[in-house]
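The exercises below guide a reader through one protein model. Each consists of a task followed by a worked solution.

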Amino acid sequence: MKPVLALLALATLGAAAPGSQATHDELSNRAAWPNGPFVTSGRWILDASGKNLTYAGTNWPGHADVMIPEGLQYQSIETIVQKIKSIGMNAVRLTFAIQMIDEIYANNGKDITLQKAFVQALGQANGTRVLNQVLAKNPRFTPSTTRLQVFDAVADALAASQIYVHLDNHISKGMWCCSGTDGNGFWGDTYFSLANWTRGLAYMADHGKGWPALVSLGLRNEPREPTSNAALARSSYNWQTWYAAMRQGADAVHAAHPALLIFLSGLNYDTYLTPVVQGTALTPGTGRFSAGDFKGYADKLVLELHNYENSIGSCDTLKGNLERNGFEALKGVGGSVKNVFPVMMTEFGFQMDDKTWKGVYASCLAGYLPKIKAGWTIWVLAGSYYIRSGVQDYEEGWGLLNHDWSAWRSQSYVDGALRAMIRDTLS
Ligand SMILES: *[C@@H]1O[C@H](CO)[C@@H](O)[C@H](O)[C@H]1NC(C)=O
Ligand SMILES: *[C@@H]1O[C@H](CO)[C@@H](O)[C@H](O)[C@H]1NC(C)=O
Ligand SMILES: *[C@@H]1O[C@H](CO)[C@@H](O)[C@H](O)[C@H]1NC(C)=O
């Protein structure tokens, strides 16, 4: 269904002639969507009717310094959502920072206003100017609208277009991610408190109960070696610590919002989950992944992996790597696969121009992911950021959209590969 029709149907419901069949069907479709809660069964995700589904979507960052979804100084939320919908995507990985929730707790339970968030991140002059641009493009907001109210509005607009929301805890301190020296690498790193993290996950999962589109939550983006913290790296950067922490995060999310699917991401920037899939020891201990450790909700777990082997020379090599890194969990039988899961590639991406998408890496993924029926969310929707690594109005050359989020950055990629990748994944 085209979003224009969906919105029209909604807008005219109140005034529609009684008995209008089309309107009635639209209404019952809407009531059924997203038809959750979702569960997993072997390698599939199933909706409440037992029908399998997956994601074909994109990342919409909301975790950087301002800690609200990007792009709103250039376009309205609805315009951005229409772009996503217009090519048939069905999911958005919406990222957030734990710092946003820490600041709510530090402020006696009250969320920060947009006024404060923009000035804090961009300075008085630019913060005020960019906030005014956001208000001009999104007139429903005011300077005292809170950050979470912006997330709410994004989630509402995605629901109106029947696009699933997957919340992703991207980082602890709100900033561009990720490096080994950014203080957010692993539990215990400078900004990465286990207690703040489980508290923040539970808060967002609970808050998201009000979002009909919210169907899943990723516990933590790209766990990695905290290379500027040698003592922590030596004592903790391993599968045993990873498992203990992920279990706590999963318990916190499940207790707060039992309907959600919970995504686990692996070590080394979420590039592999081999011991989980193969059921080998979670070293340096001898324990192994066990569904029984996720009491009453083992059927909510999904694996997510990232891949940025952009200069790979052979598609067969890339596929072999992906299978070993965890995509073999989709096979379900044989080989060394002990634990079967749905697996999604929640990040891959490349320079958005007229030729990079024709290279080995991008064209391999465009064929392979739909073929193995693995879901995915491409990095990244953003054409520019409020601020990235200290640079305001940062141009994102990997963005699906251009600088002011008004058009596709590479129309040739969208028409030449992306639309087919979406269609083949969802068919
Ligand atoms: C659902 O499962 C069938 C195989 O049983 C597969 O052919 C189809 O592509 C799956 N659909 C999705 C969206 O994954
Ligand atoms: C304020 O914004 C302008 C225009 O985008 C930019 O040139 C300038 O560098 C920004 N100031 C700071 C401190 O980043
Ligand atoms: C955890 O949150 C509190 C506010 O509740 C904050 O003061 C503290 O700095 C946070 N810890 C880290 C490591 O960010």
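**Exercise 1. Identify the bridge partner of Tyr 385 in S13, and describe the pair of strands concerned.**

*Solution.* The model is a predicted one.
Step 1. Tyr 385 has Tyr 394 as its bridge partner in S13.
Step 2. Strand S12 covers residues 384-388 and strand S13 covers residues 391-395; the two run antiparallel and are joined by four bridges.
Step 3. S12 and S13 form a hairpin with two residues between the strands, and in this hairpin Ser 389 adopts a positive phi near 50°.
Step 4. S12 is mostly covered, as five of its five residues are buried.

**Exercise 2. State which residues line the second largest cavity, and how they divide by class.**

*Solution.* Step 1. The structure contains two cavities of 30 Å³ or more, and the second largest cavity has about 30 Å³ of space.
Step 1. Its lining is made up of Pro 61, His 63, Ala 64, Glu 70, Trp 176, Tyr 385, Ile 387 and Arg 388.
Step 2. By class, five of these lining residues are nonpolar, one is polar and two are charged.

**Exercise 3. Describe the open sheet of three strands and its edges.**

*Solution.* Step 1. The strands are ordered S1-S2-S3, and their pairing is antiparallel.
Step 1. The edge strands are S1 (39-41) and S3, each of which pairs on one side only.
Step 2. S1 is joined by three bridges to strand S2, residues 44-46.
Step 3. Within this pair, Ser 41 stands opposite Trp 44 in S2.

**Exercise 4. Describe the largest pocket by volume, lining and contributing elements.**

*Solution.* Step 1. The largest pocket holds about 640 Å³ of space.
Step 1. It is lined by 21 residues, and those closest to its centre are Trp 33, Lys 51, Leu 53, Asn 90 and Tyr 164.
Step 2. Helix H2 (21-32), strand S3 (52-53) and helix H15 (411-426) are the elements that give two or more residues to the lining.
Step 3. The lining divides into eight nonpolar, nine polar and four charged residues.

**Exercise 5. Is Trp 398 buried, partly exposed or exposed, and where is Trp 398 placed?**

*Solution.* Step 1. Trp 398 is situated in the loop between S13 and H15.
Step 1. A residue is buried under 20% relative accessible area and exposed over 50%. Trp 398 has 26% relative accessibility and therefore counts as partly exposed.
Step 2. Trp 398 is one of the residues nearest the centre of the second largest pocket, together with Glu 222, Tyr 308, Glu 347 and Trp 379. About 280 Å³ of space lies in this pocket.
Step 3. The C-alpha atoms of Trp 398 and Gly 71 are separated by 15 Å, while the two residues are 327 residues apart along the chain.

How values were computed
Residues are numbered from 1 along each chain as its sequence is written. Chains are lettered from A and ligands numbered from 1 in the order in which they are written. This is a predicted model: local features need pLDDT of at least 70, side-chain atom pairs count only at pLDDT 80 or more; totals for chains, interfaces and linings use all residues. Side-chain values use heavy atoms; hydrogens and water are left out. Buried means under 20% relative accessible area, exposed over 50%, partly exposed in between (1.4 Å probe, protein chains only). Two strands pair if DSSP finds at least two bridges between them. On a 1 Å grid over the protein atoms alone, a cavity is a set of points where a 1.4 Å probe fits but cannot get out, and a pocket is an open set with protein on both sides within 12 Å along at least five of seven lines; lining residues have an atom within 4 Å of a point. Grid points are joined across faces, edges and corners, and a volume is the space filled by probe spheres set on the points. Ala, Val, Leu, Ile, Met, Phe, Trp, Tyr, Cys and Pro count as nonpolar, Asp, Glu, Lys and Arg as charged, and the others, Gly among them, as polar.
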